[in-house]
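The sequence and structure come first, the notes after.

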Amino acid sequence: MPELRTPWRAVAAAFALNGVLLGCWASRIPAFVDRLGPDERTLGSLLLVMGAGALTSFPLAGRLSDRFGAVRLTRWIALAYLGSVIFLGLSQSLAMLAAALFFFGMCHGSMDVAMNSWASEVERHMKRSVMSSFHAMWSLGAGLGAGGGYLATLAGASTGVHFALAAVLSAVLFGPFLRLPWQSQMRLAQAGEPRAPIFAVPRGSLLLVAVMALAAGLGEGAAVDWSAVFLTDTLGTPEAQATFGYAAFSITMVIMRLTIGTLITRFGAITVARGSGLLAAAGYAICAGTDALPIALAGFILMGMGYAAVIPMAFSRAANDPMVPAGQAIASVATLGYGAMLFGPPLIGFIAHATSLRAPFAMVGGAALLIAICAGALGTTRNSPDALPGEGGRA
């Protein structure tokens, strides 16, 4: 129906597709371990290969997004991403799996940059804060992908069959929305203008935005990878209940991302960011200082409330940087944010091995305070010196 084909739904479909395919992979990691037999160290190396593919793609995707338009690049990469998950499912050796994961990571990461650039264009068009709602669609998509993996495992489906079916269904379900007519603004180089670097190093206020993304990525990565281990090893929680920590965190993230736009519109991004940093820091502090499961779960809920809006707000601000083109600005922020999410958890493991998880949790909570400290950087945008969507001006 025509009324369903709105710009918001088109971008939401891109975020959901990206999340679904990543959820497919995450849900079937045990199947690859059973079939190919990598130990923990090898599996960790494979995950780093995937992360390296994503980090490699960020600056290139930012440059291409500015040159060809975010919507066009999102569509191109979506096709490649659908193909990459099929290739991933058919991997029959560790070497093939490593190559497939690198390509899969490149597609995932580059689509992330392109679709966030597209999302920022739609946000400006709608003249209100909606970036967090797009990230909520990603979270929902990842949940759907993981749920599909659970059903595929129950049915005894191979990863090849499962991933091929997931790719086809995703194309059928989300493809029509991705084809919605939309014209992205493209920045053409002027005569005599020096060639822009592929990777724009964040400077000035954009650097502070990148620091916020780094702190948020570190906090999210720690919650994802260490919540269950913290509850079992530090608090002595039974293994079956150890999943409650991440469940509380992720459910809170989805709910907040669906509703945070209203708060940003009413109170402004700077105020919301300051509150977010304080809530996230409080969540980690509570976990680091308690021995009771209910109190720890309350801490994870506070983390979800605190981190939900930070990355979306950082991307929205980067897309409206007054000095750097949108694609390159988003890529620079994403590199620090996702880099922290990727490399932070192993560092936490090294610190925890020497002490306990309480110490790195307290350190991550301290890093969350940087979000509150740097929040003022969200106020300087391309079209207004002090306005983001929901702060009295058009970003």
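Helices (H or I, at least four residues) and strands (E, at least two) are DSSP runs, numbered from the N terminus. The model is predicted: local features need pLDDT of at least 70 and side-chain atom pairs count only at pLDDT 80 or more, while totals for chains, interfaces and linings use all residues. Residues are numbered from 1 along each chain as its sequence is written, and side-chain values use heavy atoms, with hydrogens and water left out.

**Chain**
- The chain has 14 helices and zero strands.
- Of its 395 residues, 54% count as buried (under 20% relative accessible area, 1.4 Å probe, protein chains only).
- Among contacts (heavy atoms within 4.5 Å) between residues at least 6 apart in sequence, 82% join residues at least 24 apart.

**Helix 5**
- Helix 5 (residues 94-126) has 33 residues and reaches 46 Å from its first C-alpha to its last, close to the 48 Å expected at 1.5 Å a residue (1.5 Å times one less than the number of residues).

**Helix 8 and helix 11**
- The axes of helix 8 (residues 204-234) and helix 11 (residues 293-307) come within 11 Å and cross at roughly 160° (lines fitted to C-alpha atoms over the stretch in contact, angles from 0 to 180 degrees between N-to-C directions).
- Helix 8 is therefore roughly antiparallel to helix 11 (angles over 145 degrees).
- In helix 8, residues including Ala215, Gly219 and Phe230 take part in the contact, and in helix 11 Leu293, Ala296, Phe300 and Tyr307 do.

Notes
Angles under 35 degrees count as roughly parallel, over 145 as roughly antiparallel, 65 to 115 as roughly perpendicular and the rest as oblique. Buried means under 20% relative accessible area, exposed over 50%, partly exposed in between (1.4 Å probe, protein chains only).
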